[in-house]
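Subject: Structure for you to look at

Hello,

Here is the structure I said I would pass on. Please open it first, then read the notes below beside it.

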Amino acid sequence: SSSSSSRTPVLSTLVERWAQLLETHCAQDDELGQCLPRVTFAVSADHGGDDACGGGGGREHALALLSEYGERLGLAECEGTVQPLQARLQQVLRAVADGLEAHGPAVDWFAAVVALGLRGNVPRTLQLLSALSSSLAAAGVWPARLPETAHRPLHPGYWVMAHNAAELAASELPQVHNALRLSGLSCSQVLLQWWNQCFLNVLDLGGICAYVACCVVCGPDYQVYFALALLRHACPLIIEQCERQTAAEWLRTTPIVGFRVHEWWQYMAQLQQRYRPRLLPDLLRIPQALP
């Protein structure tokens with residue numbers, strides 16, 4: 001439509017500035033930037049089919065949806081290549097899965113978001129992901145970066161963070177917390193779902209870029225503050241859906257509209273002042289739990 005086409009140049013500029021911000025931040029000395037071993041990602045010469053990156057049909061379906069999303073946003077074209085966006089996304093996800101020796105989710109949604117933001121530019125995406133791989137702040141928004149355990153689908157650090165976030169929600173957002181609990185849900189369930197999918201199908205790409213930038217630049221505890229701000233923004237809708245007993249389906253399938261990070265920045269900063277001393281120590285212990 002004419003409306004979507006008029007937004008495309010604005011979005012393209014936004015995501016390019018977002019990528020430049022992350023690249024610049026990674027080039028600077030940062031106390032959380034070298035907490036984890038850096039991983040180098042490279043495109044494999046073996047393109048041996050879908051099994052090379054796991055996931056089979058489910059992964060192919062996800063790649064098709066991501067490619068369609070990128071094309072709809074006007075992010076499919078990349079200078080210097082005529083390769084379709086879906087093929088470039090597949091290259092990125094295969095290279096990242098190989099580099100991380102990932103055996104978990106079929107799709108690394110964080111890596112996919114970075115690739116979309118960089119228009120499927122494979123070398124630039126892998127270079128940025130490699131730089132982010134050593135950052136503890138980035139690990140907070142990149143579940144696949146941390147190894148799983150034999151009995152959990154996520155690194156224990158995420159469960160600790162979700163538990164802490166749920167406790168904060170109980171005190172900061174009691175209406176949402178209680179409504180979800182009475183519906184048989186928990187804040188930790190909702191937040192883990194959002195974090196795992198990097199807010200895809202929850203926020204628009206601009207909101208997702210803001211989420212990643214907040215956490216990488218401002219600190220990994222902003223993962224919690226951002227989620228609480230979004231819960232507070234969506235509070236009336238969540239309560240309404242809980243009353244209808246449709247909250248689980250609504251949270252899983254319906255994007256949240258109207259959330260603007262700049263409108264919630266002061267709220268997140270206030271949360272940081274109150275809760276960073278409590279949250280950050282748990283995050284700083286994550287590297288000690290790595291094999």
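A cavity, as the word is used here, is a set of grid points where a 1.4 Å probe fits but cannot get out. Keep in mind throughout that this is a predicted model.

By this rule the protein has 1 cavity of 30 Å³ or more. The space in the largest cavity comes to about 70 Å³. The largest share, 3 residues, is from α7. The lining is made up of Leu136, Ala139, Gly140, Leu146, Gly157, Tyr158, Met161, Gln223, Leu283 and Ile286. By type, 7 of the lining residues of this cavity are nonpolar and 3 are polar, with no charged residue.

The largest pocket holds about 960 Å³ of space. It is lined by 31 residues, and those closest to its centre are Tyr69, Arg72, Leu203, Asp204 and Leu205. Three helices, α1 (2-27), α2 (56-72) and α10 (205-218), each supply at least two residues of the pocket lining. Sorted by type, the lining of the largest pocket has 18 nonpolar, 7 polar and 6 charged residues.

Now the fold as a whole. The secondary structure consists of 14 helices and 0 strands. The protein has 291 residues, and 48% of them are buried. If you take the contacts between residues at least 6 apart in sequence, 77% of those contacts join residues at least 24 apart.

In soluble globular proteins, nonpolar side chains tend to be buried together. Here the largest nonpolar core contains 103 residues, and Trp194, Trp195 and Phe199 have the most contacts inside it. Setting aside residues up to four places away in sequence, tryptophan 194 touches Phe199, Val202, Ala227, Leu230, Leu231, Leu251 and Ile256.

How many of the 11 residues of α5 are buried? The count is 8, so α5 is largely enclosed by the rest of the structure. The buried ones are Val122, Thr125, Leu126, Leu128, Leu129, Ser130, Ala131 and Leu132. At the start of α5, asparagine 121 has a side-chain oxygen that comes within 3.1 Å of the backbone nitrogen of arginine 124.

Serine 130 is part of this helix, which covers residues 122-132. Is serine 130 buried or exposed? Its relative accessible area is 6%, and buried means under 20%, so serine 130 is buried.

Serine 134 is in the loop between α5 and α6. Serine 134 has a relative accessibility of 1%, so it also counts as buried. A polar atom of the serine 134 side chain lies 3.3 Å from the backbone oxygen of alanine 131.

Regards

How values were computed. Residues are numbered from 1 along each chain as its sequence is written. This is a predicted model: local features need pLDDT of at least 70, side-chain atom pairs count only at pLDDT 80 or more; totals for chains, interfaces and linings use all residues. Side-chain values use heavy atoms; hydrogens and water are left out. Helices (H or I, at least four residues) and strands (E, at least two) are DSSP runs, numbered from the N terminus. Buried means under 20% relative accessible area, exposed over 50%, partly exposed in between (1.4 Å probe, protein chains only). On a 1 Å grid over the protein atoms alone, a cavity is a set of points where a 1.4 Å probe fits but cannot get out, and a pocket is an open set with protein on both sides within 12 Å along at least five of seven lines; lining residues have an atom within 4 Å of a point. Grid points are joined across faces, edges and corners, and a volume is the space filled by probe spheres set on the points. Ala, Val, Leu, Ile, Met, Phe, Trp, Tyr, Cys and Pro count as nonpolar, Asp, Glu, Lys and Arg as charged, and the others, Gly among them, as polar. A nonpolar core is a set of buried Ala, Val, Leu, Ile, Met, Phe, Trp, Tyr and Cys residues joined through side-chain atoms within 4.5 Å. Contact means heavy atoms within 4.5 Å. A polar contact is a pair of N or O atoms within 3.5 Å; within protein, one must be able to donate a hydrogen and the other to accept it, and residues adjacent in sequence count only if both atoms are side-chain atoms.
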